[in-house]
Every structure is written in structure tokens, then in C-alpha cells.
Amino acid sequence: MQIVAGISLKGIKPRVWDKNSPYYLPQLRAVMVSYAEFHQRPVLRRKVMKQGLREYLGIPEEVKLYLDNGAFYFISRGGEITTNDYEEFIQGAKPDWCPIPRQDELKHLEKCQCPACKIYGVAGLQENGSVGFWNRATHNLWTLLEEARLIEENLVAGTYKDWYVTHLDIKAFAFSLLNKLFNPF
Ligand SMILES: [Zn+2]
């Protein structure tokens with residue numbers, strides 16, 4: 001299992017990935033940052049596309065750098081991800097991994113079977129304040145638990161090897177492979 005530390009540009013300290021930081025955690029193998037933070041700041045977005053996300057954040061090579069597509073940021077504001085902007089950003093930012101934007105993110109969420117979505121629907125995920133937070137937190141946790149259940153189920157049944165290929169988003173998978181091919185280190 002891999003622990004991925006979510007980082008925010010506002011809370012970039014204590015730089016736990018940095019050997020020179022007093023808070024350095026050598027066990028940490030991956031960090032994730034959200035595209036939403038760059039989407040809000042066009043000048044910074046350009047800069048990171050030029051420089052690459054890794055260099056901009058000063059993340060060492062041995063720590064994997066993931067980019068989250070910020071789906072919740074966009075959904076909670078009633079919009080969808082601007083796919084072209086996001087894909088353009090990825091090409092310059094070059095994260096080690098990122099989810100591909102789902103054109104049908106809302107349709108996908110409408111079918112969600114978590115308790116929050118079953119009662120309150122997508123509107124519940126978009127709510128402001130505590131209620132929206134509870135719904136999103138429940139949805140995220142349920143999704144992770146469901147994912148863990150499916151992995152476990154397929155491992156026990158001995159079908160994991162075939163299952164995970166069909167389960168992964170093929171485009172995201174292919175992108176990650178391509179990324180490796182072009183940036184092997
Ligand atoms: Zn849900």
C-alpha cells in the first residue's frame with residue numbers, strides 16, 4: 001500500500017519530502033497536488049507548464065508526484081473540468097500520474113451508490129458548508145473502501161491480474177506508461 005500525502009500550495013511547508021527540512025520524512029514516497037490550485041491562478045499555471053511541476057515544487061526524483069484533476073473543486077462550483085486546459089497543463093507540468101478528466105463525471109456520480117449520493121444526489125456533493133463537506137467526505141471514503149473491497153475480492157479469487165486492467169481507466173493507464181517512457185527517471 002502506498003500513502004500519498006496531499007499537499008496544498010498554501011501549506012507547502014513543512015516540506016516533509018525535502019532532505020534539508022527539519023520535518024523530512026524519508027519514508028514518504030508520493031505526494032499529490034490538485035489542478036484546481038493552478039486553474040485559479042493563470043500566471044502560475046503558465047509558469048508551472050514551462051518549468052514542470054516537479055521542479056516548481058522542488059520535489060526530489062525519488063518521491064512520486066501525482067496530480068489530482070480537482071474534480072470536486074469544479075463540481076462543487078457547478079461546473080465541469082475544462083478538459084483542454086487540464087490536458088494542456090499536464091503536458092507541460094509532467095506529473096508522474098494523473099487521472100484523465102471524465103467528460104461524464106456528473107453522469108458517473110449520478111449512479112454512485114454511497115450513502116450520501118443515494119440520499120442527496122449530486123446536489124448534495126455541491127452543497128456549501130458542513131453538509132457539503134460531510135457528503136463529499138462520505139463519498140470519498142466510501143469510494144476508497146469500495147475500491148479496497150474490489151481489490152481484496154479479486155486477489156482472493158485470483159482474478160486480480162486480469163481485473164485491474166479492465167478496471168483502470170485505460171487512457172490514464174496509457175498516459176502513465178507513456179509518461180514513464182518519455183521520463184524514465
Ligand atoms: Zn457518492
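1. Of the contacts in the protein with a separation of 6 or more, 62% are between residues 24 or more positions apart. Two residues are in contact if their C-beta atoms, placed from the backbone, lie within 7 Å. The model is predicted: local features need pLDDT of at least 70, side-chain atom pairs count only at pLDDT 80 or more, and totals for chains, interfaces and linings use all residues. Residues are numbered from 1 along each chain as its sequence is written.

2. The protein has 10 helices and 3 strands. Helices (H or I, at least four residues) and strands (E, at least two) are DSSP runs, numbered from the N terminus. Their order from the N terminus is β-β-α-α-α-β-α-α-α-α-α-α-α.

3. The 3 strands form an open sheet in the order 1-2-3, with parallel pairing. Strands pair if DSSP finds at least two bridges between them. Strand 1 (4-7) and strand 3 are the edge strands, each pairing on one side only. Neighbouring strands are turned by 30° against each other on average, direction ignored. Strand 1 is joined to strand 2 (residues 30-34) by 4 bridges, and Ile7 has Val33 in strand 2 as its bridge partner.

4. Buried residues make up 16% of the 185 residues. A residue is buried if 20 or more other C-beta atoms lie within 10 Å of its own, exposed if 12 or fewer, and partly exposed in between, with C-beta atoms placed from the backbone.

5. The largest nonpolar core has 17 residues. Such a core is a set of buried Ala, Val, Leu, Ile, Met, Phe, Trp, Tyr and Cys residues joined through C-beta atoms within 7 Å. Tyr35, Leu53, Leu67, Phe89, Ile90 and Ala93 touch the most other members. Helix 3 (53-57), strand 3 (64-68) and helix 5 (83-93) each give two or more residues to this core; helix 5 gives the most, with 4. Leaving aside neighbours within four places in sequence, Ile90 is in contact with Leu67, Pro95 and Cys98.

6. Helix 2 (residues 42-51) packs against helix 5 at an angle of about 45°, with the axes 6 Å apart. Helix 2 is therefore oblique to helix 5. Axes are lines fitted to C-alpha atoms, for helices over the stretch in contact, and angles run from 0 to 180 degrees between N-to-C directions. Angles under 35 degrees count as roughly parallel, over 145 as roughly antiparallel, 65 to 115 as roughly perpendicular and the rest as oblique.

7. Where helix 2 meets helix 5, Arg45, Val48, Met49 and Lys50 face Phe89, Gly92 and Ala93.
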